[in-house]
Amino acid sequence: MRTGFPDFRLGSVLATSFTGTLSERHGNAVERIPTPHRLVDWLAVNGLAVDSCTPAQLELARELRESIHAAATAAAIQDALPASAVQVINDRSAQGRAAAILTPEGERRWRLGSASCVEDALGVIAADAISIIAGERDGKLALCASPTCRAAFFDTSQSRTRKWCDMNTCGNRQKKARFNANQRKNPRSAE
């Protein structure tokens with residue numbers, strides 16, 4: 001893992017984890033894949049290792065990321081999916097070459113071709129986005145309650161009432177802000 005870059009925010013859903021490579025979209029945006037090599041790192045961490053990435057492939061990845069975010073946001077608020085986002089997701093899904101394989105532990109993994117490239121990995125991410133946006137998986141799309149984040153995430157909690165994309169970042173930040181506001185209102189309660 002290359003140093004000097006923000007940590008990846010990893011989740012259990014590939015497509016929404018990929019959209020999390022740009023966080024704080026409504027605040028001071030944090031780009032977690034600023035270079036082609038950093039995209040290679042993210043793909044490797046997510047089981048989609050590729051040998052290399054060009055600047056043009058990084059741009060394809062960012063276009064897919066933003067398209068997934070736009071479509072997932074629309075789905076979360078039950079709005080019409082943006083046609084341009086749907087087109088990008090479909091194009092990336094159709095262009096990728098990967099096979100689903102079953103591990104001995106009974107889990108699905110993706111195997112990219114022997115000459116795997118970024119487009120193949122993007123195809124897997126696009127296919128994952130299609131499955132969650134189409135409602136094929138148990139869970140629901142939601143938006144982070146943090147006003148600076150508003151990341152799309154896939155809520156698989158039993159009650160489907162999760163509020164934060166990541167409790168360790170957005171959730172803790174919001175709870176700390178609420179606590180500090182209460183302390184300013186009631187300074188004697190800290191004694």
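1. Let's start with helix H2. Pro-36, Arg-38, Leu-39, Val-40, Asp-41, Trp-42 and Leu-43 are all buried there. Keep in mind as you look around that this is a predicted model.

2. Step back to the whole of H2, which runs over residues 36-45: 7 of its 10 residues are buried, so the helix is mostly covered. What does the covering? Helix H1 (14-19), H3 and helix H5 (118-133) are included in what covers the buried residues of H2. After H2 comes Gly-47, and its phi is positive, near 75°.

3. Now have a look at H3 (residues 55-76) beside H4 (residues 83-95). Their axes come within 8 Å and cross at roughly 130°. That angle makes H3 oblique to H4, and the crossing is left-handed.

4. Which residues make this contact? From H3 you'll find Leu-60, Glu-63, Leu-64, Ser-67, Ile-68, Ala-70 and Ala-71, while H4 brings Ala-85, Val-88, Ile-89 and Arg-92. Sorted by type, the residues of the contact of H3 with H4 come out as 8 nonpolar, 1 polar and 2 charged. As you trace the spacing along a helix, remember that an α-helix has 3.6 residues a turn, so residues three or four places apart point the same way.

5. Last, the cysteines. How many disulfides are there? The count is 0, where a pair of cysteine sulfur atoms would have to lie within 2.5 Å. Take Cys-117: the closest cysteine sulfur belongs to Cys-53 and is 10 Å away, too far for a bond. As for Cys-144, this residue is buried, with a relative accessible area of 0%.

Methods
Residues numbered from 1 in each chain as written. Predicted model: local features only at pLDDT ≥ 70, side-chain atom pairs only at ≥ 80, totals over all residues. Heavy atoms only, no water. Axes fitted to C-alpha atoms, helices over the stretch in contact; angles between N-to-C directions. Helix = DSSP H or I, 4+ residues; strand = E, 2+ residues; numbered from the N terminus. Parallel < 35°, antiparallel > 145°, perpendicular 65-115°, else oblique. Left-handed = near helix turned anticlockwise from the far one by under 90°. Contact = heavy atoms within 4.5 Å. Nonpolar A, V, L, I, M, F, W, Y, C, P; charged D, E, K, R; others polar. Buried < 20%, exposed > 50% of the residue type's maximum accessible area, 1.4 Å probe, protein only.
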